[in-house]
Amino acid sequence: MNHTITGTTAVVGVLGYPVKHSLSPLMHNAAFVAMGLDWVYVPFSVSPASLADAVRGAAALGIRGLNVTIPHKNAVIPFLDQLTPEATAVASVNTIALTAHGLIGHSTDGVGFLRALTVRGFAVPGTHAVILGAGGASRAVVGALAAQGAARITVIARHPERAAALHALAEQLAPGMIDFRAIPWDDAARHAIADAQLVVNATPIGMAPQAKERMPIPAEWLSAATWVYDLVYTPAPTAWLHAAAERGCQTIDGLDMLVYQGAEALTFWTQQPAPIAVMRAALAAYLQQAQARAVGS
Ligand code: NAP
């Protein structure tokens, strides 16, 4: 531990189930050290049945902030006093500030997703984005792209009803402004991708350790003009991102989104700018060591 915990240390943490694979403690504790803040970030494994008690208990214990991860991002909402506009829009909370005015729920996933794009110079307004997958991360991505003025969003999904929920979200955020399509994983996907400026993998396909050579769609479907964004961050880069870069595509890995959503959460709690480079370096070093251990084992 590189942090001395005293009677004045402020506590933040993450509620998830399971939570043992979370990289957030690593990233946030590195940030607190770099910022010279007497804060510490800890994991809390909380089952769905214990969620209400955990949130009430966190307030009673004076915990300053929480991240919320699977499976609690929607279920936690009834226990909060206020939501930010971002959390209201996507009906999902991944960050809670426990303040004198009550518990405020925020969603930083969409902000993190967008920030990784915009710092690289991708301008969303007017573009066609294809999103692979229709789960929780896809919801944050669709919400962020719709709010930023994408002209067309195509979701490739196994379950049409999940894609329909994303259509409703896009329509709510940008009424009448988005040409939204939901298509299955077949030849139509290839045509949509040929027409898109941005393709986002919001499925776990390609994630280590299972089938890390698998690609969500063949790299041959991508042209050099397409921006390719993989939310998966292990391995870094994924086989798909590696192949996309070889085809000349601009690529963005999931580590960027992870860092930027964490940075936004940290600022929400502390009201201070987050040391983004420190947070990214802490994660990258850890993942590199983990990958080296996996190769060696
Ligand atoms: P989720 O809610 O379980 O959704 C996963 C989506 O992928 C679902 O729509 C699912 O289809 C689809 N899918 C899964 N396996 C598939 C397959 N073999 N073929 C086709 N579709 C498949 O998960 P999530 O929370 O959205 O997370 C998705 C990925 O994003 C994970 O790898 C996660 O680690 C990553 N992520 C990264 C960040 C970041 O900060 N970088 C943040 C959030 C998530 P069905 O709907 O048909 O089941």
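Mentor: Start with exposure: a residue is buried under 20% relative accessible area, exposed over 50%, and partly exposed in between (1.4 Å probe, protein chains only). This is a predicted model, in which local features need pLDDT of at least 70, side-chain atom pairs count only at pLDDT 80 or more, and totals for chains, interfaces and linings use all residues. Residues are numbered from 1 along each chain as its sequence is written, and side-chain values use heavy atoms, with hydrogens and water left out.

Trainee: Let me try that scale. Is Gln271 buried or exposed?

Mentor: Gln271 counts as exposed because its relative accessibility is 64%. Gln271 sits in the loop between H9 and helix H10 (276-296). Helices (H or I, at least four residues) and strands (E, at least two) are DSSP runs, numbered from the N terminus. Look at the backbone too: phi of Gln271 is near 60°, a positive value in a residue other than glycine.

Trainee: Where does Ala91 lie, and what is its phi?

Mentor: Ala91 is in the loop between H3 and strand S5 (95-99). Its phi is positive, about 50°, although Ala91 is not a glycine. With 32% relative accessibility, Ala91 counts as partly exposed.

Trainee: Now cis peptides. Which bond into Pro18 is cis?

Mentor: Read omega. The bond from Tyr17 to Pro18 is cis, with omega near 5°. Pro18 belongs to the loop between strand S1 (10-16) and helix H1 (24-35). The Ala208 to Pro209 bond is also cis, with omega near 0°. Pro209 is placed in the loop between strand S10 (198-201) and strand S11 (227-230).

Trainee: On to the ligand. How many residues surround it?

Mentor: A residue is near a molecule if one of its heavy atoms lies within 4 Å of it. Here 22 residues surround the ligand. The closest are Ala134, Ala137, His159, Arg162 and Gly254.

Trainee: How do the shell residues divide by class?

Mentor: Ala, Val, Leu, Ile, Met, Phe, Trp, Tyr, Cys and Pro count as nonpolar, Asp, Glu, Lys and Arg as charged, and the others, Gly among them, as polar. The shell has 13 nonpolar, six polar and three charged residues.

Trainee: Which helix gives the most to the shell?

Mentor: H9 does, with three residues. Helix H5 (136-147) and helix H9 (254-270) each supply at least two.

Trainee: Next, pockets. How much space lies in the second largest pocket?

Mentor: On a 1 Å grid over the protein atoms alone, a pocket is an open set of points where a 1.4 Å probe fits, with protein on both sides within 12 Å along at least five of seven lines; lining residues have an atom within 4 Å of a point. The second largest pocket holds about 220 Å³. It is lined by 14 residues, and those nearest its centre are Glu86, Gly110, Gly143, Ala144 and Ala147. Helix H3 (85-90), helix H4 (109-118) and H5 are the elements that give two or more residues to that lining. By class, the lining has nine nonpolar, four polar and one charged.

Trainee: Is His106 buried or exposed?

Mentor: Buried, at 3% relative accessibility. His106 is in strand S6 (residues 102-106). Its side chain joins that of Thr84 in a polar contact of 2.8 Å.

Trainee: Last, sequence against space. How far apart are Val46 and Val14?

Mentor: Compare the two separations. Val46 and Val14 are 32 residues apart in sequence and 9.4 Å apart in space, C-alpha to C-alpha. Val46 is in the loop between strand S2 (39-45) and helix H2 (51-61), and counts as buried at 8% relative accessibility. For Ala163 and His242, the values are 79 residues and 28 Å, C-alpha to C-alpha. Ala163 lies in helix H6 (residues 160-173) and is buried, with a relative accessible area of 1%.

Terms used
Grid points are joined across faces, edges and corners, and a volume is the space filled by probe spheres set on the points. A polar contact is a pair of N or O atoms within 3.5 Å; within protein, one must be able to donate a hydrogen and the other to accept it, and residues adjacent in sequence count only if both atoms are side-chain atoms.
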